[in-house]
Each structure stands twice: as structure tokens, then as C-alpha cells.
Amino acid sequence: MSLGLLLAEFLSNAGTGAGFSVLGLALASEGEAWALAALASLGYLVQPLGLFTGLIIDRANPRTLIALGKLAEGGVWLGLMLLSPASWMGLFLAFFAVLGHDLAYDALSAGLTRRFREDLLAQTGRFQNAWLLGNLAGTLVGPALYLSAGKAVLSLASVLLLTGALAFARWRALDDAGPERAPRAFLPGELFEGFRWVMEGRTLRTLVVYTLLVVFAFSLGRALDPMIGLALGVPPELLGFYLGAATIGSVAGNLAGPGIGTARSVWLGFGLALMGTLMLILTRHPWAMLAALVRVGGFTLGLLGLRVLRQWHLPDALVGRATAAMNLASGIAGVLGAALAGALGGQDPLRTLYASSGLLAVVLVGLAFHFPAPRLRELEARLREGGSLR
């Protein structure tokens, strides 16, 4: 991706961050606790529809879908500003904002997989960082602008998303990243071909199982992060910095991946994630912020490596549907991890760190058995050449 497109991704996701943070602040100001909780759950509720968008991604030009997804999301924020709907209607519209956002995100991910297989780790890391930093910028700036300008700030979110849509609509390089041939008639069985491909490939299936275990451990250890920060002695006025360290860690993990390599990213990443989690258990403020950065940076680095290994296994014709299937499974793992965190951490939030570190240790032992470092490097080399190992 060129610098201009990375900037477009940054700006459009700043619009996303501003839109959702403003809507969340508006609901919180109105005391709509149920609506705020529902807003936080929309990302998971959209996941089943990802099977249908995955099918569309496997049939259409990715740059067209990216532009349409960003336009749809921008239209939702503009509609919310002009209509000022009731809470339930605002959530209904926000559902379509999430759907448009996910369509653009998944279409871009599929386009990168098809177009840049040999350089997929670096391209994915750059894309993820533009996405993260843009979302963070919008989340930080949106509420402040809302307090001075009201819902007019949603028009800014729409303009930023329109800017991103126009930039990606002009990205001709993705014309080579579309499906080669797709039947015009829809066959019901096509919807689940992604699941079948994942389940039938032994190596891919094993990689997905480890991904789900890590996502579960990640969600389990991070769901109560504000409570964990306070329990570790972080002053309330510095809690935002403690939570922000997670984003810095994610950016650092994505930046480090291309230089380290895919295989080393997996091992080093999850090793750092375990070390950071143990640091949180053993240390207190101010070292807790460094521990939080190491923990999330490690998770990001390791998951980046696993993601690239998984994507390399997918044939061009099934990238959209197989990715959607894996995203749905990851969403379920994330929900279950958060639910267990709520059950374990009610009295002592640090219990979630003990459970998360234990599960990470199991993952590392399992990786040592299934994917020792030499085998993982060999797998990376073979997959880089375009071979999909079944």
C-alpha cells in the first residue's frame, strides 16, 4: 500500500472512531445503559452476516467493495446527525455502520491476500497500524469536538469516510486482486465453503485452533482492563494512559513483524504476551503501564504471524468466505473469554490474568509440539511460494 492509501485508511478510520465514540458519549449522557451495552455488542452481532459479505467479496472487485463499505458507514453518521433518532433507532443505524465498516475491512484484507502474498506480513502490518492509529485519533478527538459542536461532529466523520472511499475507489492495483471467475447464480452451499476449506485442511485447522485459544486468552485477560489497572495502583487520572499503552503495544507489534519474519513473530509474540501478563501479576504502578504495553504488543505480534500463515493457506476464490468463517469463530471465542472474565474477576480482577497466563503457557507448549521453530520456518518458506498445504 502506498503512503497515500495508508493516509486514506488512517483518515477514514478516524471517522469511524469519531462516529462510534460520539454515539457512545451521547448514549452515556442520556443514561441509556442498555443502549450503551448493546452498542458494545454490535461488532459480535454482525459476525454471522460476515458469511454473506464473504461470499460477495469472493465475487466482486475489492476496491469497489471497500469504497461502498466506507460510503455506507459515512452515510449512517450523516443520517444520525440529521435525524437525531431515538436510542433504539440509533442502534439500528449503527448496526449498518458496523456492517459497512466490516465489509471494507474484510474486502481490503482479501485484496491484500490475493495481491501481495509474498509481502503479506509487511502489508498487513502497515494496514493494521493505519487502522489502529486512525481509530485511536478519532476516538480521542470525537468526544472533545462533540462537547463543543454537538452532533455536527458526525458530519466530519462522514467527510473522512468519503475521503477514504474516494481514495480506494481509485486504487487500480486491486483490480488484479478480484476473483478470476465466479458463477453468477448463487448456490446455497457456497455460503459454507469457507468453513469446509478450514476444517478439511489439517495444518490450517490446527493454526485456527491455536488462534481461537489465543483470542480467548486475550479477551479473558483484557475484558476487565480498567479494573485491573485500578487494582494495580494506577491512579484514576492516569487510567487513560494505562489503557492507551495497549494501542501503543499493538502498533509496535505490527511494526516489528515484517523485520522479524512470520515464524519468529509467532514464537516471540506469544512469549512476550506471556511475559507481559506475568509482569502485570508481579508488578504494580508505574511498571504496570510497561507490562500492559509488552503484553498487548506480544499478542498483536503473535496474532499477526498466525493471521498471515492462515491467509497464505487460502485460495484466491475462497479468501472472503474462509476469512469470514474464521472471523466468526474468533468472535465467539472473544465473547466466551469476556464472559469468563466477568465470572472470574468479580471479586478479584487479577484472577483473569492468572487464567490468561496459564492458557498462554498451554499454547506455547502446544506450538512447540505442533510447530517447532524449524518446522514453522519451513512452512513459511513453502507458503511464501504460493503453495497451499492441505
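A charge is taken to sit over a ring if NZ of Lys or CZ of Arg is within 6 Å of the ring centre and within 35 degrees of the ring normal. In this predicted model, the charged end of Arg115 meets that description, sitting over the ring of Phe116 at 5.2 Å from its centre. The protein has 16 helices and zero strands.

**Overall architecture**
- The radius of gyration of the protein is 21 Å, which agrees with the value near 21 Å for a compact globule of 390 residues.
- The C-alpha trace spans about 55 × 55 × 40 Å along its principal axes.
- Of the contacts between residues at least 6 apart in sequence, 85% join residues at least 24 apart.

**Surface and burial**
- Buried residues make up 53% of the 390 residues of the protein.

**Aromatic side chains**
- The count of aromatic pairs comes to ten.
- One of these pairs joins Phe95 and Phe96, with 5.7 Å centre to centre and 85° between the planes.
- The Phe95–Phe96 pair is edge-to-face because its angle of 85° falls in the class of planes over 60 degrees apart.
- Phe95 and Phe96 belong with Phe92 to one aromatic cluster.

Conventions:
Residues numbered from 1 in each chain as written. Predicted model: local features only at pLDDT ≥ 70, side-chain atom pairs only at ≥ 80, totals over all residues. Heavy atoms only, no water. Phe/Tyr/Trp six-rings, centres within 6.5 Å; stacked < 30°, edge-to-face > 60°. Helix = DSSP H or I, 4+ residues; strand = E, 2+ residues; numbered from the N terminus. Rg over C-alpha atoms; globule rule 2.2 N^0.38 Å. Buried < 20%, exposed > 50% of the residue type's maximum accessible area, 1.4 Å probe, protein only. Contact = heavy atoms within 4.5 Å.
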